[in-house]
Amino acid sequence: MTTGTAISQPAPDKLQIVAHEQYDAPEALSPGAVDPCPLAQFRAWFTAHQGAVHEPEAMTLCTSTPAGVSSARVVLLKQVDARGFVFYTNYTSRKSRELAANPRAALALYWREVHRQVRVVGRAERVDRAESDAYFHSRPLGSQLGAWASRQSSVVAEGEVQARAEKMQERFGENVPLPEFWGGWRIVPDEVEFWLGKPSRLHDRVRYTRVEGSPDDAPEWKIERLAP
């Protein structure tokens, strides 16, 4: 990948991005060469490239209200299982409130170092309590206490969260229970796209679309090439 001049500022209130990145992944991507299951294909890509990509689990999560007001943020992928993609968060956060009201979401993972990205569209479901508990207690102690201390997405005063964290430390010590307001979400995909960067913007794109009516425990997928 090569980079030209990064920016131009023709006026004080105008910033132009003038770099022209050139992608040249050595592999090819086609519908006939991918796994029949998009979750298996994702696991194969993730396993093959995790050492070459900084924080490959970072993904953009887009949610929206029932009225269609969207919001996006970066979260960390923590599991890919037989049903979908799992992350953990506070259930009172903006993302959780929006997922509860409108259980549809989109994910995007961009792996710059290997010229790849993955896009997911699907429906959201809560991870069961036992699974959330197991993950919560695998986290560092400070992160467990932080989950109790932070009323995520609420307005706070300077120093308020740190003060609450110190109180949680006094309250729980090293035996921190899973909060009732904290746990996992799973995005069960209806659509998954794999993107491989190629020169002249002629990228390889392969999209999986869930066949309507196929069961969640054994979904069928239509696999197609998309124009770049």
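Student: In which helix does Gln144 lie?
Tutor: This is a predicted model, in which local features need pLDDT of at least 70, side-chain atom pairs count only at pLDDT 80 or more, and totals for chains, interfaces and linings use all residues. Residues are numbered from 1 along each chain as its sequence is written, and side-chain values use heavy atoms, leaving out hydrogens and water. Helices (H or I, at least four residues) and strands (E, at least two) are DSSP runs numbered from the N terminus. Residues 141-149 form the helix that holds Gln144, namely helix 4.

Student: Is Gln144 buried or exposed?
Tutor: Buried means under 20% relative accessible area, exposed over 50%, and partly exposed in between, with a 1.4 Å probe and protein chains only. Contact means heavy atoms within 4.5 Å; leaving aside neighbours within four places in sequence, Gln144 is in contact with Phe136, His137, Arg139 and Val176. Because its relative accessible area is 7%, Gln144 is buried.

Student: With which side chain does that of Thr63 make a polar contact of 3.1 Å?
Tutor: Thr63 has its place in strand 3, and it counts as buried because its relative accessibility is 2%. A polar contact is a pair of N or O atoms within 3.5 Å; within protein, one must be able to donate a hydrogen and the other to accept it, and residues adjacent in sequence count only if both atoms are side-chain atoms. The side chain that Thr63 joins at 3.1 Å is that of Arg73.

Student: Why is strand 9 described as largely enclosed by the rest of the structure?
Tutor: The description follows from a count of its buried residues. Strand 9 is largely enclosed because the buried residues number 15 of the 15.

Student: How many bridges join strand 8 to strand 9?
Tutor: Two strands pair if DSSP finds at least two bridges between them. Strand 8 and strand 9 run antiparallel, and Arg119 stands opposite Glu193 in strand 9. The number of bridges joining strand 8 to strand 9 is 11.
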